[in-house]
Amino acid sequence: MIMRLFFIALFTLLSLNSFALQVGAERYEQYLPLLKQQRVALVVNQSAYTKDGHLLDSLLAKGVAVSKVFAPEHGFRGNHDAGEHVASNTDIKTGIPILSLYGKNKRPKAEQLHDVDVIIFDIQDVGVRFYTYISTMHYMMEAAAEYNKIFIVLDRPNPNITYVDGPILEPKFKSFVGLHPIPVLHGLTVGELAKMIVGEGWLEESKPLDLKVIPIEGYTASMTYDLPIKPSPNLPNARAIALYPSLCFFEATPVSVGRGTEFPFQVYGYAPVKLGEFSFTPEPIIGAALNPKLNGQSVFGVDLRNHKSNGLDLSWLITAHQQLSKQRIELFTHASFMDKLAGTDKLRLAIEGGDSQRVIKQRWQRPLQHYLQRRQPYLLYKR
């Protein structure tokens, strides 16, 4: 009886905590006053959801004048493969124009913002530097500054917020998969990062930005937060999101990370050389992997679906390099892309040179400590 009462009390407490957490988009009283008699553009995808439904529908129901939607990589509904061209179109439900921010039009032009007063950014991030939603946010912030638009970030939790790890991006490796001198796992929400981008002067636009961040109510960095909606087609669950920072480096190699299977970013493997005993066969999946790596081949590797991730793990990359090297097969077949993902060429060179994970990670501890001090003024939630 006592145990039963304990579990009831625990369930009630967890339910209350879950109920108490309000993402920025749900805190209407904090930002609706800023939207009165304003023409609003949204930078959103399928993750911009509230208890009332999608943010676009919620704002329209509240009488907000939404003039257009800007969509990032994977599109407005999040059903496009990584790197797939996303065309601009019109939302069938509302008739509102949807403009793609992926491809050549990463930064909106003046004519695309002439009928906009306020830009709202509400996209679920996963706390990894090369996840491109934060690059989209950066370019939209620059455009907002140049054309004198108010920029509002509706903040959401970072499912990898407890980890700060990886090399700090070096300026010469700056690209769309890394624009800021932050580590691979940066430990910030998008709202905190937006504040840091402005505070550290990382915007190339010289005009000041009118930035407003609507924080998450009831959130601390110690909370475990499972995303209610997958943030992109190939991150379907919490396990994939946790493994993504480590396995994404394989994207610069001939090794598959399970795109074209039911468990992307939860396995890795190669053919014809075996990297493990677990077998899978990548096949095309509409909206997720139209032409997956090693398509139709029997791939052998490692199943990580029951692995408890602890941030950035280089062991799989190092082991794969050793295994392929014995067969005189190059791992980093796209070296320049690997360096962009890492934000430096030092990681690739260290692995090719035979360094251990301990030695590699030790080299970036001092820069990480400097980064932790540098980010301190921009934190919104208890660490």
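Predicted model: local features only at pLDDT ≥ 70, side-chain atom pairs only at ≥ 80, totals over all residues.
**Stop 1: Glu217 and its partner**

The side chains of Glu217 and Arg27 meet in a salt bridge, with 3.1 Å from N to O. This pair links distant parts of the chain, 190 residues apart. Arg27 is placed in the loop between α1 (2–20) and α2 (28–31), while Glu217 is in the loop between β9 (210–214) and α6 (238–247). Is Arg27 buried or exposed? Its relative accessibility is 11%, so Arg27 counts as buried. As background, side chains of opposite charge can pair when their charged atoms come close.

**Stop 2: the two domains**

Next, colour residues 24–226 as domain 1 and residues 238–373 as domain 2. The centres of the two domains, taken over C-alpha atoms, are separated by 28 Å. Select the residues where the domains meet: 32 residues of domain 1 are in contact with 31 residues of domain 2. About 2500 Å² of area is buried between domain 1 and domain 2, and carbon and sulfur atoms give 65% of that area. How many salt bridges does the rule find across the interface of domain 1 and domain 2? There are two. A search of the whole structure finds 19.

**Stop 3: the largest nonpolar core**

In soluble globular proteins, nonpolar side chains tend to be buried together. Here, the largest nonpolar core has 115 residues, and the members that touch the most others are Leu42, Leu55, Ile120, Met137, Phe151 and Phe249. Helix α4 (residues 133–146) supplies the largest share of this core, eight residues. Why does the core lie between domain 1 and domain 2? Both domains give residues to it, so it lies between them.

Centre the view on Ile120. Setting aside residues up to four places away in sequence, Ile120 touches Leu35, Val40, Ala41, Leu42, Val43, Leu55, Leu59, Ile152 and Leu154.

**Stop 4: Lys361 in helix α10**

Select helix α10 (residues 357–363) and find Lys361 within it. The side chain of Lys361 meets that of Asp165 in a salt bridge, at 2.7 Å from N to O. Lys361 has a relative accessibility of 18%, and the limit for a buried residue is under 20%, so Lys361 counts as buried. Leaving aside neighbours within four places in sequence, the contacts of Lys361 are Asp165, Leu312 and Leu314.

**Stop 5: helix α9 and its charged residues**

Move to helix α9 (residues 346–352) and select Lys346. Lys346 forms a salt bridge with Glu170, and the closest N and O atoms are 2.9 Å apart. Glu170 lies in the loop between β8 (150–154) and α5, so the pair ties together parts that are 176 residues apart in sequence. Lys346 itself is exposed, with a relative accessible area of 53%.

Arg348 is buried, with a relative accessible area of 13%, whereas Glu352 is partly exposed, at 35%. Elsewhere, select Arg107, Glu142 and Glu146: salt bridges that share partners join these residues into one network.

**Stop 6**

Select Pro183, in the loop between β8 and α5. Pro183 is buried, with a relative accessible area of 0%. The C-alpha atom of Pro183 is separated by 8.2 Å from that of Val128, although these residues are 55 residues apart along the chain. Not counting residues up to four places away in sequence, Pro183 touches several residues, including Arg129, Asp165, Leu368 and Tyr371.

Finally, select helix α11 (residues 365–375), where the buried residues are Leu368, Tyr371 and Arg375. These three cover an arc of only 60° around the axis, which puts them on the same side of α11. Which residues are exposed on the other side of α11? They are Arg366, His370 and Gln373. To end the tour, show α5 (190–199), against which the buried residues of α11 pack.

Technical notes
Residues numbered from 1 in each chain as written. Heavy atoms only, no water. Core = buried A, V, L, I, M, F, W, Y, C linked by side-chain atoms within 4.5 Å. Buried < 20%, exposed > 50% of the residue type's maximum accessible area, 1.4 Å probe, protein only. Helix = DSSP H or I, 4+ residues; strand = E, 2+ residues; numbered from the N terminus. Domains from an automatic or database assignment. Contact = heavy atoms within 4.5 Å. Arc of directions from axis to C-beta. Buried area = accessible area lost by both parts, 1.4 Å probe. Salt bridge = Lys/Arg side-chain N within 4 Å of Asp/Glu carboxyl O.
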